[in-house]
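Please open the model in your viewer and keep the selection tool at hand. The tour below goes stop by stop, saying what to select and what is there.

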2 protein chains.
Amino acid sequence: MKVGIVGVGLIGGSIGLALQERLGATVIGYDPAEAVSVEALRRRAIGVAGASAAEVADGAELLFVAAPVSALAGAIDELLALAGPQCVVTDVGSTKRALVSGRDDERFIGGHPLAGAETSGVEHARADLFEGATWYLTPGPGTSGVLYERLHKTLAGIGAQPTAIDATDHDRVMASVSHLPHVFANVLVAQAARALGDGEQVPATGPSFRDATRVAGASATIWPDIYLSNRDALIALIDEAQGRLSDVRGALEAADRGAIERWNDAAREDRDALLGAGLAGGAVHELRAAAPDRPGAVAEIALALGRAGINIVDIALSPARDGHQGVVALWIQGEEQAQRAIATIDGLGIPVARP
Amino acid sequence: MKVGIVGVGLIGGSIGLALQERLGATVIGYDPAEAVSVEALRRRAIGVAGASAAEVADGAELLFVAAPVSALAGAIDELLALAGPQCVVTDVGSTKRALVSGRDDERFIGGHPLAGAETSGVEHARADLFEGATWYLTPGPGTSGVLYERLHKTLAGIGAQPTAIDATDHDRVMASVSHLPHVFANVLVAQAARALGDGEQVPATGPSFRDATRVAGASATIWPDIYLSNRDALIALIDEAQGRLSDVRGALEAADRGAIERWNDAAREDRDALLGAGLAGGAVHELRAAAPDRPGAVAEIALALGRAGINIVDIALSPARDGHQGVVALWIQGEEQAQRAIATIDGLGIPVARP
């Protein structure tokens, strides 16, 4: 398999290392900063350094755009113009809705690996960066099933857990589990700095303040872009947070012990549900769905399962007569998840059965 | 030294273990739950189990009240009525203003060790629980210098770092570094639970969400009391947080990149200032201040140094003619801190010099 990577820093470089090491892929990389290309080549994160995006796209079956958020849209459009008709183009940006909307080329599938947030630079790239990491994919209604399958298999092959999600849901989820926590961390340090005197440090209060503010003032080269590219979802969550804070304030003002207790108990339940023990493992079950003869059916199945919290361990189209239909084989871990997957696919009006 | 402890769970039991092991104190303890007294005795957290608060107070030089927040006020008043004229009475409650205000007995000094928040029960008590921990003290204008000195020495003797702070400042600081972070954690899990579907778990997003919500839904037996006992300070901080969230929201709405960048950069600076490397060590310097012939002067010095972020390694009154005056010797670590301590005490109109 020939794969091209545009942007060979931490993420692009790690993709290159993993693809070569685990899947024996031929990797050609390009970075607008020549020094980065040279360093990626020296570290064997890429096999060949291309001189341009066109060189990288030539003959590639799969193209990754691993550029900063602000450069993604331009790079994706450039590669879609250069890539062949059977080449997948995907990206690794932290927000998806703006990128995906209006870009309904059947070869483009938005992506977002949840890995590597803490460092940057190809010097930190490693082949196992994506091991066990959720890798969100945002296929659209026009996405080719064959190309989705290829991307899913490739990402699973480098150790990631590809999970389909609607682009709007993705941005809302990320706003809630990442962007709003960053905003809160920034607010907390600002208020603590004001509550404590000049030059005073936080007393050793146990881990709570340190943990709550670990991400305050996150990377200036990354985070302003993330906040701005996801501002709609983030504004909605800030509004919701304001409402929740007003409710707590009201209960405190009224010294309403019952309300405070219920609120705190509910938080414990939410936390346990969100962060509780991972889903039970179990045997992998194969399901076969009859993918209807229309574009986007595979994407529709993957999205529905992603929404239901069901992980697709593997996926295969067979036979794929024209790239848009056939039988979709899905491997799902655990009996309970397999049953829910059947019900979910059935609910889409798509026939599904165990082989 | 004979010390009494009322409430011998995690904190009271650890105080007992440390006092016996490190200072050779005679420790008599009492817990309204007899089983707890028995267990504390079995673990030698106390030397003698008293049958009542009166037995514990009899002949004690120092009395610790380590009861739950809601039971503190009653226990303190009971012990003040039972204790001798030269006995210090202190507590370990998480909030201080309500307890201290109006309780201006010269023998009472509010206290709050920043340790042990994660577990409870005498079975987790240990002699080194307070090693290196900040132990806030809230002396009032009428606090006896001799008694303050005794308490400071005792706490430093069990490894803690006693730090004087005004009770209102204490509650504001704790609201900012602990209580508001708890409120935010509760808000974050509630919103994430809503953003994710039923039964869905947070994707592996790296540590940020897990860290930010580690304290969500904290102990139902402790936290509702803390929120309610510090509701004034917490309400003020929630109001401030609402204002800060509105500012961020406005910058996002306007897509004002400059404002977002400045806000995020300021957070980084605040975080570094608050959580940066600890104060440099250095030699311990002795200072001598002429404590004026009036009650509260020692407390005033300790408070002023606490406000200035200066740690008092040790303190000694000498000679203490009547318990309210004399020369106060202070040991301060580091040349820079010693110089600031001199300027601070001088600023109070109290003569101070190096011996």
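Begin inside one chain by selecting D171(A), R172(A), A175(A), S176(A), H179(A), L180(A) and V183(A) in α7(A), which meet A233(A), L234(A), L237(A), I238(A) and A241(A) in α10(A). Contact here is a matter of C-beta atoms, placed from the backbone, lying within 7 Å of each other. Sorted by class, this contact has eight nonpolar, two polar and two charged residues, where Ala, Val, Leu, Ile, Met, Phe, Trp, Tyr, Cys and Pro count as nonpolar, Asp, Glu, Lys and Arg as charged, and the others, Gly among them, as polar.

Before going on, note that this is a predicted model, in which local features need pLDDT of at least 70 and side-chain atom pairs count only at pLDDT 80 or more, while totals for chains, interfaces and linings use all residues. Residues are numbered from 1 along each chain as its sequence is written, and chains are lettered from A and ligands numbered from 1 in the order in which they are written.

Now show α7(A) and α10(A) as whole helices: they pack at an angle of about 65°, with their axes 9 Å apart. The axes are lines fitted to C-alpha atoms, for helices over the stretch in contact, and the angles run from 0 to 180 degrees between N-to-C directions. Helices (H or I, at least four residues) and strands (E, at least two) are DSSP runs, numbered from the N terminus. The crossing of α7(A) with α10(A) is right-handed, a term used if the near helix is turned clockwise from the far one by less than a right angle, with left-handed for anticlockwise.

Select V183(A), V187(A), A190(A) and Q191(A) in α7(A), and you will find them meeting L237(B), E240(B), A241(B), R244(B), L245(B) and V248(B) in α10(B). The residues of this contact divide into seven nonpolar, one polar and two charged.

Widen the view to both chains, whose contact takes 82 residues from chain A and 82 residues from chain B. On the side of chain A that touches chain B, α7, α8 (207–212), α9 (223–229), α10 (231–253) and α11 (257–275) each supply at least two residues, and α7(A) gives the most, with 19 residues. The residues of that side divide into 46 nonpolar, 18 polar and 18 charged.

How are the two chains related? A rotation of 180° with 0.0 Å of shift along its axis superposes chain A on chain B, with an RMSD of 0.1 Å, by least squares on the C-alpha atoms of residues with pLDDT of at least 70 in both. That is the relation of a two-fold axis. To find the axis from chain A, select A212(A), whose C-alpha is the nearest to it in that chain, at 2.2 Å.

Finally, colour chain A by its domain assignment, which gives domain 1 (2–165), domain 2 (170–275) and domain 3 (284–353); such bounds come from an automatic or database assignment. The C-alpha centres of domain 1 and domain 3 of chain A lie 25 Å apart, and their contact takes 17 residues from domain 1 and 18 residues from domain 3.

For the last stop, select α6(A) and helix α12 (residues 297–307) of chain A, which pack at an angle of about 45°, with their axes 7 Å apart. Here G145(A), Y148(A) and E149(A) in α6(A) meet A297(A), V298(A), A299(A) and A302(A) in α12(A).

Technical notes: Two residues are in contact if their C-beta atoms, placed from the backbone, lie within 7 Å.
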